[in-house]
Amino acid sequence: MHDLLSVDDLGRDGIEELLDLGESFLEVTRRDIPKVPALRGKTVVSLFYEDSTRTRLSFETAAKRLSADTMAFGVSGSAVAKGESLRDTVQTIEAMGVDAIVVRHHGAGAPHRVAGWVDASVVNAGDGCHEHPTQALLDALTLRRHRGTGLDGARVAIVGDVRHSRVARSTTKAFAALGATVTLVGPPTLLPESMAGWPATTCGDLDGLLPTLDVIYLLRIQHERQDAMRFPSLREYTTRYGLTVERAARLKPDTLIMHAGPMNRGVEIAAEVAEGPASVITEQVANGVAVRMAVLYELLGSGAPVV
């Protein structure tokens, strides 16, 4: 694997291989000194054209724990403000001798274009409303660790602003590839205009699904990617699709509650539910470091020992 641009690049075997490797690195992250020399001498740059907390810190932490050198690029204070193109930016960065570029961009397909311009490995850390493959991998690892038997037969509902969510697209593909049955839930204006390429079904009635679910995955409203308000009010959205305390009580005792973050507490999920025993939201963040270590190692390890 030279680049990771989409979940489609992996298939079930590729996903499971990275999850197995992620399990190994999860053990590394729990050591007193959570660091291995697997990528010593390699350089990983974070190229983020959008604000990020979890993904950016997770990738940078993963690279450092593999003993790679890291560089961080921010649009503010860069030549982008002077009109420099994406192509010129990435080629300038590559000329500094980097081995991998982690790209987040507001334009769908931007990481694919970057991969065509440079020889360095490219990782898609989120592109517009398109994909976010490492989020899907960490979600799959989190779910697999709780189920034990894998994802075959798991019934998953992904609820909220599916239309504008790159997480929803990638996680749906990964869960379905691993054998789960995925239902996309939300008002019609927030569901995909076309289901082509989505291995899932849609539903507008969250309450009817609740007792059948093994996993409920909440999405925030992507206000920054909408050109208009697509539902009457946040209050009405919460009334119909929010995971309130009352709705959470109707889930099965072993149903897992997931969220990619950042959360809008009190809108798509109640604060009490987010912090309750069924929530694995903080585990998703912890597993993200291990999964991203696995991805960087797969791209750059070249047979180097893990430890």
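User: Which helix do Y237 and Y241 lie in, and how many residues apart are they?

Analyst: Both lie in helix α8 (residues 234–241), 4 residues apart, which is about one turn of the helix. Helices (H or I, at least four residues) and strands (E, at least two) are DSSP runs, numbered from the N terminus. This is a predicted model, where local features need pLDDT of at least 70, side-chain atom pairs count only at pLDDT 80 or more, and totals for chains, interfaces and linings use all residues. Residues are numbered from 1 along each chain as its sequence is written, and side-chain values use heavy atoms, with hydrogens and water left out.

User: Are Y237 and Y241 buried or exposed?

Analyst: Y237 and Y241 are both buried. Buried means under 20% relative accessible area, exposed means over 50%, and partly exposed is in between (1.4 Å probe, protein chains only).

User: How many aromatic pairs are there?

Analyst: The count is 3 aromatic pairs. Rings of Phe, Tyr and Trp (its six-membered ring) pair if their centres lie within 6.5 Å; planes under 30 degrees apart count as stacked, over 60 as edge-to-face and the rest as tilted. One of the pairs is F25 with Y297, which is edge-to-face, at 5.8 Å centre to centre and 65° between the planes.

User: Where do F25 and Y297 lie?

Analyst: F25 is in helix α1 (residues 11–29) and Y297 is in helix α11 (residues 281–300), so this pair ties together parts that are 272 residues apart in sequence. F25 and Y297 are buried.

User: And what are the numbers for Y237 and Y241?

Analyst: That aromatic pair is tilted, with 5.7 Å centre to centre and 40° between the planes.

User: Changing topic: how many helices and strands are in the protein?

Analyst: The protein has 11 helices and 9 strands. Its radius of gyration is 19 Å, close to the 19 Å that the globule rule gives for 307 residues, so the protein is as compact as a globular protein of that length. The radius is taken over C-alpha atoms, and the globule rule is 2.2 Å times the number of residues to the power 0.38.

User: What does the C-alpha trace span along the principal axes?

Analyst: The trace spans about 55 × 45 × 35 Å. Of the 307 residues, 55% are buried.

User: What share of the contacts join residues at least 24 apart?

Analyst: Among contacts between residues at least 6 apart in sequence, that share is 74%. Contact means heavy atoms within 4.5 Å.

User: Now the backbone. Which peptide bond is cis?

Analyst: The bond from G261 to P262 is cis, with omega near -5°. P262 sits in the loop between β9 (256–259) and α10 (271–274). Most residues other than glycine have a negative phi, and most peptide bonds are trans.

User: What phi does S67 have?

Analyst: S67 is not a glycine, yet it has a positive phi of about 70°. It is in the loop between α2 (54–65) and β2, and at 16% relative accessibility S67 counts as buried.

User: Where is G83, and is it buried or exposed?

Analyst: G83 is in the loop between β2 (69–74) and α3 (86–95). It is exposed, with a relative accessible area of 61%. The C-alpha atoms of G83 and E193 are separated by 34 Å, and these residues are 110 apart along the chain.

User: What about E272, buried or exposed?

Analyst: E272 is found in helix α10 and counts as exposed at 57% relative accessibility.
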